[in-house]
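Hi,

Here is the structure I said I would pass on. Have a look, and my notes follow below.

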Amino acid sequence: MTRHAPEPTVVHVPVSHPLVRPLLRELGDEYSRRYGKDAHAEISRYPDEEFTAARGGVLLLLLERGAPVAGGAFRRYDATTAELKRIWTHSAHRRRGLARRVVAELEDEARARGYRRVRLTTGPRQPEARGLYLATGYAPLFDTEADPETLGLLPFEKLLPAPDQQRKAARP
């Protein structure tokens, strides 16, 4: 009998919550491996407050058996746009579709808070992130035929349907 992991639970937490530490540590380590030792600074580039509801943001985690397996955040970019940041899947839980789930949860939360557009950037040495965003309907705002190393950050955007449009689209 194969034992399957339980369906992850979504929780909203502040950046300072102890459950966020694995996300920040692994992201920092990953960025450092790909971009050099100063990459940990990217994690602290934005104040933690930008990822709070009071400032128009959120940080969420997917938990299994109380442990974080994936997460991500968004911050207010402008009045109608949320900017996704810190999309992460624990190294022991990759290839399960958890990043897609995180992106979908963040989009739903952004839509519920009145955002109509989502933007994000990823680095040129993160082909799996680039693939995730293309596969989940994000429009690349760069030349996809160009060598990513010549472009720097790779920006994407996605328009979010209004909640009533989404309900109509979901009906059979």
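By class, how many nonpolar, polar and charged residues does the lining of the largest pocket have? The lining has 20 nonpolar, 8 polar and 13 charged residues (Ala, Val, Leu, Ile, Met, Phe, Trp, Tyr, Cys and Pro count as nonpolar, Asp, Glu, Lys and Arg as charged, and the others, Gly among them, as polar).

Before the rest, a word on the source: this is a predicted model, where local features need pLDDT of at least 70, side-chain atom pairs count only at pLDDT 80 or more, and totals for chains, interfaces and linings use all residues. Residues are numbered from 1 along each chain as its sequence is written, and side-chain values use heavy atoms, with hydrogens and water left out.

Back to that pocket (on a 1 Å grid over the protein atoms alone, an open set of points where a 1.4 Å probe fits, with protein on both sides within 12 Å along at least five of seven lines; lining residues have an atom within 4 Å of a point). The largest one holds about 1000 Å³ of space, the volume being what probe spheres set on the points fill, with points joined across faces, edges and corners. Its lining counts 41 residues, and Ile-87, Gln-126, Glu-128, Ala-129 and Tyr-133 are the closest to the centre. Elements that each supply at least two lining residues include helix H1 (21-35), strand S4 (81-89) and helix H4 (127-135).

Overall, the protein has 5 helices and 7 strands (DSSP runs numbered from the N terminus: H or I, at least four residues, for helices; E, at least two, for strands).

Tyr-31 sits in helix H1, and its C-alpha atom is 8.3 Å from that of Glu-42.

Cheers
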